[in-house]
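Reader: Could we go through this model together? I would like to ask about a few residues and then about the strands.

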Amino acid sequence: MEYTGDKLKDLPHGKGIYKFKKSFYLESYEGTFNKGEFTGNNNTIIYTDGYKYIGTTKNSLRHGQGKMYCCDKFIIDCNWTKDKPDVKISVDIPNHTYGKIKYENGYYTGDILNGVPDGTG
């Protein structure tokens, strides 16, 4: 992990950027820290899967008003409570289903887009 920014007693405190190494889901956080915790408004969290959150954080969680940008496909713009969106989310991707395709040597079970396997199954 690599931190650049203000500190208080060796903890991130104030404005800064935290870059994660070998994290399974977080790439970086840029914004306000309070004694090592992500806390404040207009903060940015980048995820390893390409998602990006811009908004309020509290106790290192998405908490308050914020937007989650989901791989340039859709945006979740809502209030967040303890890392969970305060809305029901339904995504409709045209020609996209979940199912099973039979092959000579076995089956593929998983996402299907336009009749073709889409993903690892």
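Reader: Which residues does Thr57 touch, not counting those up to four places away in sequence?

Author: This is a predicted model. In it, Thr57 touches Tyr29, Phe38, Thr39, Gly40, Asn43, Ile45 and His63, with residues up to four places away in sequence left out.

Reader: Is Thr57 buried or exposed?

Author: Thr57 has a relative accessible area of 2%, and because the cut-off for buried is under 20%, Thr57 counts as buried. The residue lies in strand β6, which covers residues 52-58.

Reader: What joins the side chains of Thr57 and Asn43?

Author: A polar contact of 2.8 Å joins them.

Reader: Turning to the largest nonpolar core, which members touch the most other members?

Author: Tyr29 and Met68 do, in a core of 15 residues. At least two residues of this core come from each of β3 (26-34), β5 (40-47), β7 (61-70) and β8 (74-81).

Reader: And what is Met68 in contact with?

Author: Leaving aside neighbours within four places in sequence, Met68 is in contact with Tyr47, Tyr51, Lys52, Tyr53, Arg62, Phe74, Ile75, Ile76 and Trp80.

Reader: Back to Tyr29 in β3, then. Which residue stands opposite Tyr29?

Author: Tyr18 stands opposite Tyr29. Strand β2, residues 11-19, pairs with β3 in the antiparallel sense over six bridges. These two strands form a hairpin with six residues between them, and Lys22 in the turn has a positive phi of about 60°.

Reader: How many bridges join β3 to β4?

Author: Two bridges join them, and the strands run antiparallel, with β4 made up of residues 37-38. Asn34 stands opposite Glu37 in β4. The hairpin of β3 and β4 has two residues between the strands, and Lys35 takes a positive phi near 50° there.

Reader: How many bridges are there between β3 and β5?

Author: There are four, and the pairing is antiparallel. Leu26 has Tyr47 in β5 as its bridge partner. Tyr47 is also one of the residues in contact with Met68.

Reader: A change of topic: how many disulfides does a search of the whole structure find?

Author: The search finds zero disulfides.

Reader: Why does Cys70 count as buried?

Author: Cys70 counts as buried because its relative accessibility is 1%, and the cut-off is under 20%.

Reader: What is the relative accessible area of Cys78?

Author: Cys78 has a relative accessible area of 6%, so Cys78 is buried.

Methods:
Residues are numbered from 1 along each chain as its sequence is written. This is a predicted model: local features need pLDDT of at least 70, side-chain atom pairs count only at pLDDT 80 or more; totals for chains, interfaces and linings use all residues. Side-chain values use heavy atoms; hydrogens and water are left out. A nonpolar core is a set of buried Ala, Val, Leu, Ile, Met, Phe, Trp, Tyr and Cys residues joined through side-chain atoms within 4.5 Å. Buried means under 20% relative accessible area, exposed over 50%, partly exposed in between (1.4 Å probe, protein chains only). Contact means heavy atoms within 4.5 Å. Two strands pair if DSSP finds at least two bridges between them. A polar contact is a pair of N or O atoms within 3.5 Å; within protein, one must be able to donate a hydrogen and the other to accept it, and residues adjacent in sequence count only if both atoms are side-chain atoms. A disulfide is a pair of cysteine sulfur atoms within 2.5 Å.
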